[in-house]
Amino acid sequence: MRKIYALVLALLLANTTFAQKSPEDFLGYKLGDRFTPHHRVVAYFEHLAATLPNVKLVYYGETYEHRPLFVAIVSTPENMGKLEDIRLDNLRRTGMVEGTPSTKVALNWMQYNVHGNEAVATEAAMMTFWQIADPNNSQSKDWLKNQVLILDPCANPDGKDRYTVWYNQKQNNRLQPDPQSMEHSEPWPGGRPNHYLMDLNRDWAWQTQQETQQRLKLYHDWMPHLFVDYHEQGINEPFYFAPAAQPIHEQVSAFQNEFQIIYGKNTAKKFDEQGWMYFTKERFDLLYPSYGDTYPMYSGAIGMTIEKGGSGRAGLGMLNALGDTVTLRERIEHQHTAGISAVEVTAQNSARLTDEFANYFKTSSSNPKTKYKSFVIKGDQKPDRVKALLALLDKNKIQYGYAKAASGLKGLDYNTGKAGTFAATEKDIVINAYQPKSVLTQVLFEPEAKLQDSITYDITSWALPYAYGVQAYAMETRLDAGKKFEKTAFEANKVEGSPLAYLAPWNATQHAKFLAALINNKIRVRFAEKAFDINGKSYPIGTLIIHRNGNQYVADFDKKVTDIANKFEITLESSNSAYVDKGRDFGSSEVKVIVAPKIAIMSGAGTSSLNFGELWYFFEQELDYPVSILDAEGLGRFDLSKYNVIILPSSWGSYLSENNMKKMMDWVRAGGKLIAIENALNAFADKNGFDLSQYDTEDEKKAAEKEQKEILNVERLEPYQERERMGISTTAAGAIYQVKIDPTHPLGFGMDGKFFTLKNNGSRYAYLDNGVNVGIIPDAEAYRFGYIGNKIKPKMPKSMVYGVENQGRGQIVYMSDNPMFRSFWESGKLLVANAVFLVGQ
């Protein structure tokens, strides 16, 4: 539809005398007078593309709410005439396409408004693109001689319009800078995230969201030399631009660091001429690999974050702490100036940018920089987990192949966190750093990033083998693949006769998708609470059993089951008897029927919008399973009997008033299942009637309180500038622990007795006395990698991480860590599926 619209527009304009217009002329108001809805932004760029021969729009996808995603490309007519040659030549520099480049044109990609309520960015994008594309601007013509500008005016249209529509409804007729006025108090969840309330600026490497997946396909078609990402920060901050703060990942090259300084000095000069305030080298580091500056950095570009003070609260204008009114027009002008600086320095350094870009790939692929050069994934264990990991590698253009059979190999065992020897088989997967995506490969698989400073802006460990729950090794030497990886075609299940029961595995997210589809099709499913042998084969605990009994009224039962299994590429086994050779027969009380869960997720003010979004996305987009969304403030009027599972996302507990707590617990005791995640546990910890406690004994509690007082006594005597560093001593930033899982409890089914949890908080809970401690940190040896403060690290041993407490006929499932952080911690999704589908059946 979008393409047809653009074609019709172009045909109309081709027969009309129609001059290109500035944003003000086209929109009918000055930039800064109001926020522009996304559809008007689209119309303006379509106008420029239709009236300027050197402007091209590329639509690369659409959002969940069906708004178009596109980039606008501008250069000289000469460069636009050979645009495809320029693009392919650049891929030749990376080694992703064979051949020798014959052109030398820098690619400058500028992205705006990835956070929807940082909405000044799209307004600035229109101003900047017009100035560069304006045919009467002789200076921009010179800048474009040796560069192509690729500009994405709005990377998050759904979030941007959520903010814009709300603000345009609430703004005062006259400028009202009073911070207490309604227009400066954006309601939950705010416009920052996308439709599913996910942070797109932290999704680059993981590509969980539709917008990111589509954008990264286009990104890999171009592989730009410069990537500038425009943001806003708190209103009391002036303006931030590169160079970045420490810690800077060791993979960042000398030239990448140098160019950040070149850009910073050029931008500082322009800001100094206007008397504008700014800061550099603070707060915004280059470590976490999934940002809009770090991901390009690890892909050979110069990645840079731009942050103007203002954000969603600022609106058209708001008073800052100094009593100055920060206006939208001022914010636009500042971001525009930073953008013009990026275009200018790209033009001045075009030849060096392309040369250093080529050298980056040549050097990194032939001489990988960091300790680990090769990574081996055991392919004969949990194949569906391995398949999910390989799908992520494909999205990131990371190459891999099958291993050669070999023994006596040396490497770090991710499971133990220690070096050892292992053997490779021809089923194993080898990923080494001798490839175009060398740096990104090393970063995504590194057990732990090297920190120059423990104060970071994000998590410090993210190694993919932990995230996907696969057995893997990191080697300090080169190991080449024995043969090219070729995906084996799935051998479809066939309807052969009418077996008594179908058997399916349960150890990966894919299996939860299969189960959800069966339930959606009204097919009754059971699961085995004990391992069993039948027909000469062994089946582990948690195996799904789709028995004909109970499904006799399902039309085309066999075809439906096999069709669903084929859709998800699940290989089914079958049996013509319910009698097992070992274990429990299918009619045993220890073979449980899965009662279809009727799920509600609490939302609204007081909940973590990010954790809520992770859950919402998981059920709607990954499992395709129905959920109800309940606003926390309306809990008192809801009929909870409509649900048998309620999930409390992080930070929700503070909204459980005394009456609401009673209502919720009456529902639990009547047979409901409550799943509480991270800070939601605060509603139950150390409260009468609950088994959850931070301490085992009263003496332990008193000792902890005494220790806390001693810490405070030390902290208050610390120099003022060291207090931030003292503060992080009591928290965690992506610390990975091996949690010991009780494999006999349904919450632990399919986990093989262990789960690598990603700890992002300082909470610690004692073992449950009367409940089941399903996941525990037994001792200090459970720690693997990542930052955790020295004040809380010694307290983590002998703590409960995942547990279940019975309350009447129902249960509370406690999850002190978020098992599906940012939707990329893939192995944790099975834990959530266990809690929802299996626990309490």
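A cavity is a set of grid points where a 1.4 Å probe fits but cannot get out. By this rule, the predicted model holds 1 cavity of 30 Å³ or more. The volume of the largest cavity is about 30 Å³. Its lining is formed by Ala528, Glu529, Lys530, Phe532, Arg584, Glu590 and Val591. By class, this lining comprises 3 nonpolar and 4 charged residues, with no polar residue.

The packing of two helices was examined next. Helix α3 spans residues 38-51 and helix α6 spans residues 120-133. The axes of the two helices come within 11 Å and cross at roughly 10°. Angles under 35 degrees count as roughly parallel, and α3 and α6 are therefore roughly parallel to each other. On the α3 side, the contact involves Val41, Tyr44, Phe45 and Leu48. On the α6 side, these residues meet Thr122, Ala125, Met126, Phe129 and Trp130. The contact of α3 with α6 contains 8 nonpolar residues and 1 polar residue, and no charged residues.

Backbone geometry was then considered. Most residues other than glycine have a negative phi, and most peptide bonds are trans. The phi of Asn113 is near 60°, a positive value in a residue other than glycine. Asn113 lies in the loop that runs between strand β3 (residues 106-112) and helix α6. The relative accessibility of Asn113 is 0%. Because buried means under 20% relative accessible area, Asn113 counts as buried.

A positive phi, near 65°, is also found at Ser823, again a residue other than glycine. Ser823 is placed in the loop between β35 (810-815) and α24 (828-838). With a relative accessibility of 3%, Ser823 counts as buried.

Cis peptide bonds were also identified. One of them joins Trp188 and Pro189, with omega at about 0°. Pro189 belongs to the loop between helix α8 (residues 157-170) and helix α9 (residues 210-222). Another cis peptide bond joins Gln246 and Pro247, where omega is likewise about 0°. Pro247 is located in strand β7, which covers residues 245-248.

Note on methods: Residues numbered from 1 in each chain as written. Predicted model: local features only at pLDDT ≥ 70, side-chain atom pairs only at ≥ 80, totals over all residues. Heavy atoms only, no water. Axes fitted to C-alpha atoms, helices over the stretch in contact; angles between N-to-C directions. Helix = DSSP H or I, 4+ residues; strand = E, 2+ residues; numbered from the N terminus. Parallel < 35°, antiparallel > 145°, perpendicular 65-115°, else oblique. Contact = heavy atoms within 4.5 Å. Nonpolar A, V, L, I, M, F, W, Y, C, P; charged D, E, K, R; others polar. Buried < 20%, exposed > 50% of the residue type's maximum accessible area, 1.4 Å probe, protein only. 1 Å grid on protein atoms, 1.4 Å probe; cavity = no way out; pocket = protein on both sides within 12 Å on 5 of 7 lines; lining within 4 Å. Points joined across faces, edges and corners; volume = space filled by probe spheres on them.
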